[in-house]
Number of protein chains: 2
Amino acid sequence: MDKPLAKSTLPRLDESLLSHLPPFSRLDRRQIRVILDQATSRRYDAGIAIFDEGAPAERFYMLLDGYVRVVRITSTGEQVTALHIPAGQLLGIAKAIGKASYPATAMTATESLALSWPMHLWDGFVADYDGFATETYKTVGDRVSEMNNRIVEMATQQVEQRVANALLRLINQTGRKVSDGIEIDFPITRQDLSELTATTLHTVSRLLSAWEKQGMVQSKRKRIKVCDPHALVVLSQI
Amino acid sequence: MDKPLAKSTLPRLDESLLSHLPPFSRLDRRQIRVILDQATSRRYDAGIAIFDEGAPAERFYMLLDGYVRVVRITSTGEQVTALHIPAGQLLGIAKAIGKASYPATAMTATESLALSWPMHLWDGFVADYDGFATETYKTVGDRVSEMNNRIVEMATQQVEQRVANALLRLINQTGRKVSDGIEIDFPITRQDLSELTATTLHTVSRLLSAWEKQGMVQSKRKRIKVCDPHALVVLSQI
DNA sequence: AGCAAACTTTGCGCTGACGCAAAGAACTCC
DNA sequence: GGAGTTCTTTGCGTCAGCGCAAAGTTTGCT
């Protein structure tokens with residue numbers, strides 16, 4: 001869909017980009033060099049689809065910087081966010097779950113930077129690189145767990161608890177410590193939160209307003225800061 | 001937890017048990033013989049936990065006969081059904097998603113029969129048996145897709161649509177053609193259906209009564225037969 | 001600076017689905 | 001065969017959260 005930049009337009013990628021990331025951490029410099037030389041690097045604006053649900057899974061990606069929202073779009077045009085992926089994780093790994101096309105759309109939540117490789121290299125990576133397969137399946141497992149938890153939450157909890165849980169998950173996964181609390185590290189609207197918790201932006205807005213009055217959170221346009229995580233935990237477990 | 005029967009109490013297992021099942025279908029008789037000789041066979045009554053959420057994943061299973069419900073239990077004791085597994089599929093494959101313990105409980109929905117192997121054989125199976133890994137990851141992928149669909153459904157659909165969808169999924173996966181419709185092939189209560197669709201048994205009962213009046217379904221105690229699948233499809237897609 | 005677009009807040013009425021309650025039907029086990 | 005258990009149905013009152021509407025706020029664009 002979008003044409004990757006020619007590799008030559010970018011400075012040679014440095015080994016340190018990958019060497020500390022779990023799927024590659026057991027590899028030596030030489031192996032990482034080979035991997036990097038096969039990679040395409042690209043910057044994405046915020047709000048762009050890296051790949052689309054249903055499209056043939058031609059490449060897999062390593063998110064180096066930014067945040068990605070994995071969304072599914074229903075026949076009636078509603079969006080449902082399945083998960084958020086922070087920098088340092090693989091995405092578009094359809095092959096790891098035996099799929100030939102992407103099962104969901106990956107949208108950048110912020111400006112992002114990702115490496116990608118053609119999918120035909122996948123089997124080689126799995127076979128040749130120690131730890132790559134293991135870490136990949138762990139990633140799949142973590143995402144399965146998260147989806148599982150979402151199902152349980154949606155099945156058993158009220159809207160208020162679901163929103164509280166979603167906020168807690170977001171600050172755990174992508175929180176940034178600031179002066180008087182923890183802030184979600186990417187722009188997130190009431191609409192986004194509602195798509196993550198199966199409710200409406202109105203209800204999310206009302207909840208955040210109420211919580212702000214009680215001093216548990218502070219928010220401005222596209223930014224949410226949690227000041228009292230413990231109070232949220234209490235709320236989420238009623 | 002439950003002690004498997006000693007292998008010697010059962011007649012020698014026949015190769016035809018496995019030879020047509022996807023994870024083993026590319027193997028020759030000799031390989032299947034080796035696999036069977038390492039397997040433990042066991043019968044389970046209906047309503048029994050084959051393994052429990054959180055327990056160390058010591059064995060993996062192939063369901064030969066019956067149906068298994070994969071459930072999660074919340075801190076408040078509510079059950080949520082994640083998926084149903086029909087005969088012919090692997091279960092308890094925590095290793096395939098990088099887990100050392102089972103992420104959910106597997107309960108038999110009917111009397112069932114399963115083979116199992118100690119988990120330490122897993123890596124050998126993946127390495128030695130052609131197609132085993134591929135088929136396993138496909139199974140994982142299918143389950144991920146199904147969970148994904150459940151999330152989207154729960155996020156966007158009304159109770160009526162969710163129940164209709166659940167019924168359609170059940171007759172697709174586990175339906176048995178009978179005289180004037182398709183019947184779900186295992187006993188399923190209103191309560192079970194409500195745990196699958198995040199609602200109450202009362203609401204499910206009301207819906208089924210209404211649908212029965214319209215001739216779309218017929219049901220008796222623990223049995224549901226869909227007479228007009230197309231009408232359900234229409235209902236589910238409003 | 002000024003306009004447009006995107007995001008947020010808040011009020012109000014409505015209703016789908018739940019909670020509770022109670023009775024009826026089917027099956028199981030002595 | 002009868003007592004107990006499990007499953008199902010149905011009625012009724014209630015309310016959480018949605019839909020709609022409209023106004024306010026922030027940001028970006030020209």
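Reply: The crossing of α5(B) and α8(B) is left-handed. A crossing gets that name if the near helix is turned anticlockwise from the far one by less than a right angle, and it is right-handed if the turn is clockwise. This is a predicted model: local features need pLDDT of at least 70, side-chain atom pairs count only at pLDDT 80 or more, and totals for chains, interfaces and linings use all residues. Residues are numbered from 1 along each chain as its sequence is written, while chains are lettered from A and ligands numbered from 1 in the order in which they are written.

In chain B, helix α5 covers residues 159-174 and helix α8 covers residues 229-236. Helices (H or I, at least four residues) and strands (E, at least two) are DSSP runs, numbered from the N terminus. Two packed helices are described by the angle between their axes and the distance between the axes. For α5(B) and α8(B), the angle is about 140° and the axes lie 8 Å apart. Axes are lines fitted to C-alpha atoms, for helices over the stretch in contact, and angles run from 0 to 180 degrees between N-to-C directions. The two helices are therefore oblique to each other. Angles under 35 degrees count as roughly parallel, over 145 as roughly antiparallel, 65 to 115 as roughly perpendicular and the rest as oblique.

Which residues meet? From α5(B) come B:Glu160, B:Gln161, B:Ala164, B:Asn165, B:Leu167, B:Leu168 and B:Ile171. From α8(B) come B:Pro229, B:Leu232, B:Val233, B:Leu235 and B:Ser236. Contact means C-beta atoms, placed from the backbone, within 7 Å. By class, this contact has eight nonpolar, three polar and one charged residues. Ala, Val, Leu, Ile, Met, Phe, Trp, Tyr, Cys and Pro count as nonpolar, Asp, Glu, Lys and Arg as charged, and the others, Gly among them, as polar.

Now α6(B) and α7(B). They pack at an angle of about 105°, with axes 8 Å apart. That makes α6(B) roughly perpendicular to α7(B). B:Arg190, B:Gln191, B:Leu193 and B:Ser194 of α6(B) make the contact with B:Leu201, B:Thr203, B:Val204 and B:Ser205 of α7(B). Three of these residues are nonpolar, four polar and one charged.

Next, DNA strand D. Of the 20 residues around DNA strand D, A:Gln158, A:Thr203, B:Thr189, B:Ser205 and B:Ser209 come nearest. A residue is near a strand or molecule if its C-beta atom, placed from the backbone, lies within 6 Å of it. The surface has three nonpolar, 11 polar and six charged residues.

At DNA strand C, α7(A) gives the most, with six residues. α5 and α7 of chain B each supply at least two residues there, as do α6 (190-197) and α7 of chain A.

How are the two chains related? Chain B can be laid on chain A with an RMSD of 0.0 Å by a turn of 180° and a shift of 0.0 Å along the axis. The superposition is by least squares on the C-alpha atoms of residues with pLDDT of at least 70 in both. The copies are thus related as by a two-fold rotation axis. The C-alpha of B:Ile151 is the nearest to the axis in chain B, 3.0 Å from it.

Terms used
Contact = placed C-beta atoms within 7 Å.
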